[in-house]
Structure formats: C-alpha cells, structure tokens
Amino acid sequence: MSDVILKVENLQTSFFTRAGEFKAVGGVSFEIHEGETFGLVGESACGKTVTGLSLLRLLPEPAGQIVGGKIILDGINILELHKEEMRNIRGKKISMILQDPMTSLNPVYTIGDQIAEPIRQHQGIQDRNELVDEVISALRFLQIPAPEQRIHDYPFQMSGGMRQRVVGSIAMSCRPRLLIADEPTTALDATIQAQYLALFKSIQEQTDIGILFITHDFGVVADMCHRVAVMYAGKILETASTSTIFKAPLHPYTVALINSVPRLDQKVDRLYSIEGQPPSLLNLPPGCRFAPRCPDVMDICHEQQPKEVQVDDGHSVSCWKVS
Amino acid sequence: MADVLLEVRELTKHYPVKMGLLQRTVGWIRAVDGISFTIERGKTLGLVGESGAGKTTAAKAILLLERLTSGNILFEGKDLYQFSRSQLKTEYRPSVQSVQQNPWSSMNPRMRVRDIIAEPLIVNTKQSKKEIQTRVLELLEQVGLSTEHAPYYPHEFSGGQRQRIAVARALALNPSLVVLDEPVSALDVSIRAQIMNLLKDLQGQYNLSYLVIAHNLATVRFMSHTVAIMYLGQIVEYGDSEVVLQRPLHPYTKALISASTLTLPEDREQGVEPIILSGEMPSPLNPPPGCRFHTRCPEAREVCSREIPELRKFGNRWVRCSQLV
C-alpha cells in the first residue's frame, strides 16, 4: 500500500448552542493514502461536511468545537498546531472545493486575483509577471481554455462548470497533499459533471494527491472513489472498497440506501424506502443510531452502540448483526 | 387508440432581449423552439434535459404561466386558445396542477398547513367550510401525513413531509394532470424513494397523468412511460421510456445515459468507457446553425453544421439526427 497521507482517529466535533450540544461528528476514524480517492457518503446532516471542515479546522467557532480525537497529516497531529501554523497548511497541504462555485468565489475580484492569492501566500511569489505565469499554468492545469484572457474575467462571466474549474485551480495551485471535495459536482449538469470528474481523475494520476470526496450520490462514488465510508448521524457505519460497498454491503443502512436509489439499468415498480427520519443530533439514541429505522433491529441495538468489526481486509462494519 | 389527455403541438416560446434606454429588442432567447408531445390519461411523460434546455419553460406554458410565441396546446382534444377566460378558469386550470421543486419556497411560511391545502378549494369551489375541512383532512391522509398535522406551519416539517403537503395541495381539486417540476431533487436520498413511491401510488389510485421534469435519468425511468429528451429548446429523442433509455439512438441521449449510469471500477477494467462530451451547451440566444448539438457531438460530420435535422420516426420513437438511417 502507498503512504498514508491522512489518518483520522476518533474525531468528535460538536456544536454548542443554547439548545444544547449537537454531536455532529461522533467519533469517526479513517485514513487516506497517496493517490487514493476516499468517499464519504451520507444524507444531509450526517456530519460529512463537518468532518471535512474539521480537517481544515475551519469550524465556525466558538459554537463549533473539535472535542476529541486526532487528525494526523503526514505524521503531525494538526489539532495540536498553533493557529498561525495551521494557516500554512490550509491551501498548501490541504485544500478544499465547495459545492457551489457561485458562492465560493468572490464576485468582485477577477479570477486571476483569486488564484494568485494562495500562490502569493504560500509560495512567496511577489513579482507580478511571475505570478501571472503561475496563475495561467494553474488555469491550464484544470484545462480552462484561453487562460491568458480568462484571468481578467469575473466569476459572473463564466459558466457553472468553468467556475468550478477555477475553484479547482485555486485548490490545486499549491500542489496540496490532500484535497477535500465537498459535493463538487452537485450544482453541475450531468454532462458537465462527467467532464469534471474525468478531469479530476487525470489530475490525480499526474499528482498522486489524496482526495476526500464528500457526496450523497452513489453514481459519483462508483465513478470516483477507491474506498468509501458510509456515514449516518455522525458515525461511520461501514467502510469498504467501492466494489464491496455495491456488491456485498453488510450494514442494513448501506443496503437500504443503495436499494432506495433508482437505477438506470434496472426497471423496478417500487423503490425500497427507509421509513422515518434520521435522529436529532441533540438527542441521540443510546444504542445504534440507525436502530429506530433498521429493518433488522434486535434488542441489543437499542441498548448498546455496536463496535466496529473488521470483517475482511479493508472492510469494517459497526453493526450488532455482524459482530 | 390511446386516450390522449394533453397534446402539445409545435410549442414555441421566445423571450425578447431588451437593451438600452429605449428598451429596444436586440435579440431573442429561443427557450423552447417547436416541441410537440402527447400525454395520455393515467400515464407519465418525462421531460429530460440539462439546465437551459427549456424544460421548465415548457411546463410553465402548459400551466398557462407563460404566453406562447406560437404553437397549440390541446386539452382533451380542445385547443386552449379557443377557451374563454371563464372556461379556462373552470375547466382547465383546476384540472392541471403542479408540484414545484423546492418545498422550502413553494409554500407561504405564514400559512398553516390546513390553509395551504384548502386554498385551491376556496378559490375554485363553492364548498362550505365544513366540506373543505373534511377534504383537507382526507388529503393529508392520502399523502401519508396525519390529520394532526393540519394546524402546523411549514417550517415545522422536514423536506419530505413538506413535499407531501405540496402534493396534497396539488391533488385538492382532483386534477387530471399534475406537472411535477423536479419533484425529488431537493430531497435526501432515502426520502426521495418515499416520495416517488407515493406519487406512483397516487397515480394508480386516481388515474392521474404526470408531466415529470427531471435531470436525473434514473428518476425518469422509474416514473415515466414515455420520455422526451430536450437539448437547447428542441426535442432530440422522444418515445417509450424503456426503448429510449435502453437503446438510445441520439448521441446526446447516449451521452446523458453514460453520465448517469453506475460504472463500478471493475466495469471500467472491462473496458466500459464513459462518453465525455466536450464543451458546454451553447446559448439559446444564438443557437448554432444546423443541428444544435453538432458543436459537442462526438459523431458530428460536416453536414451537421449546415443542415437542420428533422425529428424522424425510427420504429416507435422519434429522433432528431441526420446521421441515422
């Protein structure tokens, strides 16, 4: 196996509000290797975005706090770093692509200015001509046509797909070790999404970058990820290789989630549907978090949280049925 | 002969682009450019395409929220433009209802659920308060909510429940056609299945016709009997949904299907290559000459940039491509 870039151990993130403590991430562990795309799949409010933000320590403080665990990037626990040191990691070693390119770019700066910012900050390049060259090569890296003219454009002059490529250029400009992509293609059209994903695959082959891919779309997971973790109410319920997740899922939630998505290559009359809704993060059930909706629920599921069990090489599940 | 509920003939909607002090018209956005289709009673037509393809404009035209530039809409065989205002109000509008994409913005946050569902009844019928109340409670149960939900406000519900409320409101007048504009795309994966199952059940129960607008082909395959694939204001392929989605003929349909089919890593090792289109959809302000898809088409020839292909019949479907014989 190639080198581990990132190791997350028992990460816990909470939001402290007047109503109480929202346990958005309730102890997740995973690792990402060089050249690997690791998918984090789940529904809204399962904690996948908060996990991504925690890795960059970009939580909205003071409400959002990392309350436990370790985030080890290239051997260093970044939770112990000083704020100033952390600033040197963001954008340089870890960068992020957000869902909506309309809101993640600044509308009043040209895209050239916005790409130059991390280059100036992290590579210390101040000379204007040199900066322009770097910006153009960053745009070219994401295959944006006519970058020499494009650097003077404002975000509103570009299409959604092109804007998301600009966001990609910013993220890749300092050749990070790890890229966090939070639903990067959800706002894009189907054929543009296919273009964007193919582009990122070729970038990964060139750079050996590790990608944490956050999504709710199983089609994108199948296309992009080497390994996947399925998240539910702040916990990872199952981690496995992409083929295993689709062909031999073990956790009832994974099974239900995959079955509830209609597929283009199968004609069904009714979709499998999971009754009920995810639990409130303010008031989590004492046992397995999926127990109230689980079709295979047993008594113990309501009482105790299941431990993560290694069922096969690289396949682990947290479920009483399996242990 | 099939029982045709709604027929759309050569529907066209061009929006003027105005500029300058005098607001002179400097161009036209050809949002929808001559589309035709039929919707049978009790059946679903899926309208598929990327943003800017004209799907929503077509739906708005059918809901009479937009005036057509040209073309006809026939409802139960009668041309809508022959209807008088009062006929439209009493015969057409109550029969054609809609469910919008985003259940967070399609309901007045200051109205209670019971008033939201009752509104179409108050506007369109002369029922007494008592009758309306009974009907509202009945509707709530039909869409899988409880009668206890009636006095609450929309913000007190989850997305899936809100979409159920929107469905109840659409059904209040016993419509024959419901226009569903991306009915599940704002919802979570596990909730989508619930709503899609509900819509299918209601269709069977009340013999409803649906016009489903969606960009997700798998959703369309699950919901629809026929599909129309739109690109830049035109229909490029139209026919039975199983035929079109299983054995697509138009290069654009093929690319869309490739983009939405689940390909596992081992499929790729066996040589399943995704079709990646180059470029983006051109502007409807200035559509390309010839075939509108030729700028991105992997199978385009020189002739495609000159000749405008007609929608031609191949078996039981229609395709707009001059390369097919």
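**Sheet, core and chain contact in the predicted model**

In the predicted model, strand β1 (residues 4–19) of chain B pairs with β2(B) in the antiparallel sense, over 13 bridges. Within β2(B), B:W28 is the residue that stands opposite B:P16. The two strands belong to an open sheet of four strands in chain B, ordered β2-β1-β4-β5, with antiparallel pairing. The edges are formed by β2 (24–40) and β5 (78–79) of chain B; each has a single partner strand, so one side of each is left without a neighbour in the sheet. Helix α1 (residues 55–62) of chain B packs on this sheet and touches β1, β2 and β4 (70–75) of chain B. The direction of α1 makes about 115° with that of β1(B).

The largest nonpolar core comprises 179 residues, and A:L212, A:V230 and B:L211 have the most contacts inside it. Helix α6 (residues 189–206) of chain B gives the most to this core, contributing seven residues. In chain A, domain 1 (4–93 + 176–277) and domain 2 (108–174) each supply at least three residues to the core. Apart from neighbours within four places in sequence, the contacts of A:L212 are A:I32, A:F38, A:L40, A:G52, A:L178, A:I180 and A:A181.

The contact between the chains takes 35 residues from chain A and 33 residues from chain B. On the side of chain B that touches chain A, two or more residues come from each of α6, α7 (217–223), α8 (241–246), α9 (251–260) and α10 (265–269) of chain B. The largest share, six residues, is that of α6(B). By residue class, this side of chain B divides into 17 nonpolar, 10 polar and six charged residues.

Definitions and conventions
Residues numbered from 1 in each chain as written. Chains lettered and ligands numbered in written order. Predicted model: local features only at pLDDT ≥ 70, side-chain atom pairs only at ≥ 80, totals over all residues. Core = buried A, V, L, I, M, F, W, Y, C linked by C-beta atoms within 7 Å. Buried ≥ 20, exposed ≤ 12 C-beta atoms within 10 Å, placed from the backbone. Domains from an automatic or database assignment. Contact = placed C-beta atoms within 7 Å. Pairing = 2+ DSSP bridges. Axes fitted to C-alpha atoms, helices over the stretch in contact; angles between N-to-C directions. Nonpolar A, V, L, I, M, F, W, Y, C, P; charged D, E, K, R; others polar.
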